[in-house]
Every structure is written in C-alpha cells, then in structure tokens.
Amino acid sequence: MDAVSGILLVMNVVNNPLARLEDAALTAVHTVGETHAEGVDASLKPSAKPQFGDFQLNAAMALGKKSGRPPREVAALLVDELVAATGGMDGLLEAPEIAGPGFINIRLRPDALAEALDWMDHGELGVETHVRPHAVTVDVCGVNVAKQMHVGHLRATVIGDTVARLFERLGRTVHRQNHLGDWGLPIAMTLHSLLSRQADLEALDLDTLNTAYRDAQLEAKGDARGLEAARTNHCGPHRIAELESQQSSAMAAQEAARSALVALQAGDREMVAAWKRLIEVTMDEVYRAMSLLNTRIDSSSERGESSFRDSLGEVVDAFVRSGLAVEDDEALVVRFEDRERPMLIRKRDGGFLYATTDLAALRYRVQDLDSDEVVYVVDARQRDHFRDVFDACRMIGWADLPDGTRAELVHLGFGTVLGPDKKPLKTRSGSNFKLMDLLEISIERGTAAVKARAADPNAPTHTLSNDELERIGRAVGIAAIKYADLSGDPGRDYLFDLDRMIAFEGDTGPYLQYAHARISSILSKAGDQFDPEAALVTEHPGERSLALMLLRYGGTIAEAAAHLEPSRLCRYLYALATEFNAFYAACPVLKAETETLRASRLRLASITRRVIADGLECLGIDAPDRM
C-alpha cells in the first residue's frame with residue numbers, strides 16, 4: 001500500500017473528505033467489478049504530474065482484463081460511481097478525466113481540499129490514534145555493565161527509541177526494554193578483579209571500570225591449545241614453562257571468578273553491594289547519553305539478564321516437558337525442522353546461555369507485558385540467533401496470548417557505522433569510538449555552526465545569549481547524528497560524515513530544524529495578522545501542492561510504524577520542507593495580494609510548522625524556533 005492509500009484508510013471517513021474519496025473508490029471498484037474486483041488494487045495513487053490531477057485510480061485496466069471488457073468502458077463506469085458516491089459535481093470532486101488506456105485522473109474541489117486541511121488542523125494532524133488491547137515492546141540500547149557504550153549502541157538506541165515513539169504517536173502502549181548484560185561470569189571476573197585489588201568503589205568511574213573489565217578478561221585468558229602444541233612439538237623448556245605459567249594463572253583467575261559468581265548468586269552482602277555499584281556507575285553514563293540523545297529511555301526501561309536468572313531452569317524444564325528439548329552430548333538443545341543448526345539452551349556442565357536468557361525475556365515481554373508485537377533492535381549479525389529464539393518461542397506457545405492473539409516477533413537488524421575509510425568507525429588509535437566522545441564531538445560541531453551563523457547581525461540568533469546558542473547547538477549536533485542514522489535503511493552500514501550531517505542544507509536533520517525555525521520567524525513577524533481560524537484558500541498550484549503534501553502526514557506515520565521504517569518519516573519531512581520552500585517562493589505570504597490570501601497562507605505555514613515539529617518529535621529531534 002502506498003503512503004496516500006495508508007492515509008486515506010486510517011483517517012476517519014465521516015470527518016475527512018479524503019477518506020470519503022478513498023472509501024468511494026473502494027466502493028466503485030467493487031460495484032463495477034463485482035466478482036472480478038477480488039485482488040484488484042483500488043487505492044488512489046498520488047499523481048506524478050499535478051497538472052493532470054491530484055490522484056490517479058488505475059483499477060480499470062485490471063478489471064477490464066479480468067472481465068473481458070474494454071478498460072476505458074470500465075473506467076467510465078468507475079467515474080460514474082465515484083461521482084455519485086462523493087456527492088455529484090457539487091461534492092468532493094471536479095469532473096474526473098479518463099486518460100490513455102483507462103487511467104482516471106481525480107482532482108479535489110478547492111473547498112473539499114480546504115475542508116480536509118481544516119479537519120487536519122483541528123485534530124491530530126491527520127494521525128489516527130487507536131486504543132489497542134495489547135502493548136508493543138521494543139528492545140533498545142542493550143548495554144553491558146562495566147563497559148563503555150560505543151557507536152553500536154548509538155544505532156540500537158536511536159532506532160529503537162524512534163520506533164517506540166512512532167507506536168506511541170499512534171496511541172499504542174509501548175514498553176522500552178534495555179536488556180543489560182549485568183550477570184554471569186564476565187561480571188564476576190570484574191568484581192573479583194576490583195575486590196582483590198581493594199579498589200575504591202565509591203570513587204569508581206566508567207573508564208576505570210572498563211579497564212578492570214578488560215584486564216579481568218585478559219587474566220582469565222589461557223592458551224591451552226598453545227601449551228599442548230608446545231609439548232607435542234617439543235618446544236624448549238622455557239617456552240613450555242612460560243605457557244604453563246600463563247595457563248595456570250588463567251585457570252586460577254577463572255576459578256576465582258566462579259567463586260565470586262557463586263558468592264553473588266548466594267547473596268553475599270559485599271559481593272552484591274559491589275555488583276550494584278558496578279551497575280550504578282555504568283548506568284549513570286548510559287542515562288547521560290540517553291538524555292543527550294533526547295530519548296525516552298530511563299531506569300524504568302532497565303531489565304537486565306539478572307532479572308531472569310531464577311527462571312532459567314524453569315525455561316529449560318518447560319522445553320524438556322514439552323518434548324522440544326533433547327539431549328545432545330550431555331547438553332540440551334532445541335532442534336528445528338528447516339535447519340541443521342540446533343539451539344543450545346543448557347551446556348553439559350549445567351550452565352545456561354544467551355539463548356536461554358533471551359527465551360525467558362521473550363516470554364516475559366509477550367506474556368507479562370501483554371505485547372502483541374515485540375521488536376528487537378539489535379545488530380544484524382544476530383539474525384540467526386533471533387530466528388532460533390523466535391521460532392522456539394512460537395513452538396512452545398509463548399508467543400500466543402490468552403485471547404488467541406499471536407504476537408509478532410521481529411528482529412530489526414542494523415548495520416555498522418563506518419568511518420571516512422569505509423571501515424568500522426574507530427578512533428585514530430584504532431580503538432572503538434566511545435559513544436559519549438562521539439556525541440560531544442557532534443555537539444561541538446553543531447554549536448560552532450550555530451555561533452558562526454549568529455555572528456551575522458542580520459541573523460535571528462544574533463541577539464541570543466551564549467547559553468541559548470549552546471542549547472541550540474546541542475540540538476543541532478544531536479539532530480545531525482540521529483537523522484543521519486534514521487534516514488537510511490537500518491540494515492545497511494552507513495558512513496559517519498559529520499561535515500555532511502551537520503549541514504543546514506540538503507537532506508539533514510539541521511535542515512529540517514532550520515525549516516521549522518524559518519516558519520516560526522514568518523509567523524512571529526506576522527504577529528496579530530495570524531488567525532488560526534482563517535479560511536483556507538488552495539487556488540494557486542503552490543498552495544494546492546503544499547496542502548496535498550500536508551495531508552500525507554497521517555498515513556506516513558502509520559506506514560513508518562507498520563513497516564518499522566523511520567526513514568519513511570524522514571523522507572516525508574524532507575519533501576514537506578522542500579515543498580514549503582517552493583510554496584514560499586511562488587506564493588507571497590506576509591506580502592500577499594489580499595488580506596484573505598495572507599491569512600490563508602499564514603495558516604498554511606502554521607500547519608506546516610506543526611507537522612514538522614510533530615514529525616521531529618517522533619524522531620526524537622528538537623525543533624528550535626530560532627537558528
């Protein structure tokens with residue numbers, strides 16, 4: 001379904017003329033086509049050439065082929081039905097025209113177009129909200145305790161929060177779930193390393209914690225294969241002794257970590273207090289980044305691996321009882337009919353795996369959070385893992401809600417952030433870019449761009465204080481990062497080019513912010529001349545094109561949510577801002593020929609500003625009034 005069709009279907013048929021037109025088109029196709037109408041596309045397409053009309057109905061060719069009638073004859077019957085259903089020649093439409101082999105060109109009457117805009121302006125901007133019996137759960141962020149956030153977390157956070165916002169804009173109840181890596185042997189290794197060194201936990205910061213995590217991993221890393229090879233190949237005693245010492249040290253570190261994990265699991269007071277401190281230090285930085293990124297992710301979103309530790313045994317038992325888990329070399333696996341690869345849910349030593357935890361989390365998200373859709377925004381390389389987890393969840397029945405609804409389980413995978421060399425983005429030293437460093441660089445660049453513009457005495461921001469300029473600069477820098485991420489296909493890698501992303505021209509976040517600020521300036525200059533109830537006039541082609549573009553907003557939101565594609569909203573907002581610029585160039589606003597035109601065009605500008613602001617809010621991007 002195209003964007004316009006989506007709009008028309010979600011808008012209220014009684015109050016919105018466009019929805020009445022779409023309903024009339026559906027009725028006409030089924031009336032004329034009768035049994036042949038099944039499977040025929042009855043949606044209205046936006047006209048490629050505005051001089052021929054606003055929309056095009058192309059059903060006549062398909063109906064003609066199926067019924068054995070000339071398509072133009074079918075088109076004439078469709079036109080009669082359309083006109084009758086929309087109130088005759090004094091109703092919604094100007095006289096439809098039949099072109100070519102049977103295309104039907106449709107143009108709304110100016111008063112009907114104005115009525116649709118008025119309905120939109122006084123309502124939810126054309127967005128149809130629904131109260132649904134079930135919620136949506138979105139897996140976002142996915143940080144690991146004791147580790148710095150990196151650029152991969154940027155994508156999981158930005159895309160996930162925006163998908164959640166789109167659902168919320170449609171009236172859905174949404175649960176954001178930040179699945180913390182806060183349990184297991186790696187965390188126990190870090191705890192043991194810190195406590196054995198008598199580290200001052202109160203003075204702990206994330207950089208120190210990140211170093212401790214890395215050091216603990218190295219301490220526990222032996223080289224059993226290397227030692228075996230050295231003995232087999234009769235390497236010198238010095239080399240063998242060196243490898244034996246390394247292996248012995250690693251085994252001791254692993255045993256100490258296992259002891260720490262046992263103590264943590266048993267609720268040892270010192271160990272639990274240290275564990276909570278690790279989480280606190282990690283999450284302080286996480287929430288600082290979440291705030292800078294203007295997300296709705298906070299402590300209420302936290303749901304770590306530790307939350308499910310007591311249910312992992314029961315998860316495995318449930319699969320055993322259902323006959324879905326079978327023993328394989330003393331481990332337990334789940335097999336699938338359509339793939340050779342089984343899913344391991346319990347190791348031979350009785351230990352559990354990520355898959356076990358993800359099954360427990362998925363059961364919680366569907367059953368306890370009552371979700372009929374669960375979206376995992378996770379690296380695309382995890383595709384096979386989530387395919388297994390989702391299929392296993394369906395097989396055991398945990399994807400089915402009590403009312404019979406089967407939850408939709410979706411992995412929204414994302415690609416890698418690339419640097420100028422088109423390789424995964426790294427610092428000059430070759431290490432992973434820390435997320436906070438990336439955000440701070442973007443904010444610095446955004447602030448520099450805003451201050452450079454404010455230096456012009458004619459700039460709207462020239463009289464603003466330094467604090468105000470920095471606030472706008474922060475918004476611009478964050479908009480640049482978020483829009484660059486959201487405007488493309490999430491599954492593809494994308495190039496981190498800050499020079500392009502921070503630009504106030506072209507398809508960028510700052511360009512949309514500037515469009516909003518520009519319209520705000522026009523309305524501010526209008527002052528009392530702006531009348532929010534002014535009659536809308538859409539006689540000029542520029543007015544008409546802008547009006548039709550505005551009416552696509554509700555459908556765009558619906559489709560962006562349905563397809564989990566924020567890029568649809570990005571493309572729409574860019575097209576709207578471009579359309580407004582064309583309107584403003586062709587149709588004088590403050591200097592319009594008559595008071596009626598000025599009032600109408602100011603109201604058109606106001607609706608455009610509202611839509612841009614609302615769309616940016618759905619993307620989690622601020623909309624400054626001055627730039």
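I began with strand β11, which is mostly covered, as five of its seven residues are buried. I note at the outset that the model I am reading is predicted.

**Entry 1, the parallel sheet.** I looked up the sheet to which β11 belongs and found four strands in the order β6-β5-β10-β11, forming an open sheet with parallel pairing. β6 (174-178) and β11 (408-414) stand at its edges with a single partner strand each, so one side of each has no neighbour in the sheet. From one strand to the next the twist averages 20°.

I then followed the pairing of β11 with strand β10 (residues 371-379), which is parallel and runs over seven bridges. Within this pairing I located tyrosine 376 opposite histidine 411 of β11, and glutamate 373 opposite glutamate 408, also of β11. I kept in mind that side chains in a regular strand alternate between the two faces of the sheet.

Which helix packs on this sheet, touching β10 and β11? I found that helix α14 (residues 383-396) does so, and that its direction makes about 175° with that of β11.

**Entry 2, the antiparallel sheet.** I turned next to an open sheet of four strands in the order β1-β2-β4-β3, where the pairing is antiparallel. Its edge strands are β1 (44-46) and β3 (97-99), each of which pairs on one side only. On average, and with direction ignored, neighbouring strands here are turned by 35° against each other.

Inside this sheet I checked strand β2 (residues 55-57) and strand β4 (residues 103-106), which run antiparallel and are joined by three bridges. There I found leucine 57 standing opposite isoleucine 104 of β4. Helix α2 (residues 17-33) packs on this sheet and touches β1, β2 and β4, with a direction at about 130° to that of β1.

In the loop between α2 and β1 I came to glutamate 34. Its phi is positive, about 50°, although the residue is not a glycine. I noted this because most residues other than glycine have a negative phi. Is glutamate 34 buried or exposed? At 60% relative accessibility glutamate 34 counts as exposed, because the cut-off for that word is over 50%.

I placed leucine 564 in the loop between α20 (553-562) and α21 (566-586). With a relative accessibility of 7%, leucine 564 counts as buried.

I looked for serine 606 and found it in helix α22 (residues 595-619). Serine 606 is buried, its relative accessible area being 9%. When I left aside neighbours within four places in sequence, its contacts were Leu523 and Phe530.

Last I examined how helix α11 (residues 269-292) packs with helix α15 (residues 435-454), and recorded an angle of about 30° with the axes 10 Å apart. That angle makes α11 roughly parallel to α15. α11 passes α15 in a left-handed crossing.

Which residues of α11 meet α15? I listed Glu285, Arg288, Ala289 and Leu292 from α11, and they meet Leu435, Met436, Leu439, Glu440 and Ile443 in α15. By type, the residues of this contact divide into six nonpolar, three charged and no polar.

Key. Residues numbered from 1 in each chain as written. Predicted model: local features only at pLDDT ≥ 70, side-chain atom pairs only at ≥ 80, totals over all residues. Heavy atoms only, no water. Axes fitted to C-alpha atoms, helices over the stretch in contact; angles between N-to-C directions. Parallel < 35°, antiparallel > 145°, perpendicular 65-115°, else oblique. Left-handed = near helix turned anticlockwise from the far one by under 90°. Contact = heavy atoms within 4.5 Å. Nonpolar A, V, L, I, M, F, W, Y, C, P; charged D, E, K, R; others polar. Pairing = 2+ DSSP bridges. Buried < 20%, exposed > 50% of the residue type's maximum accessible area, 1.4 Å probe, protein only.
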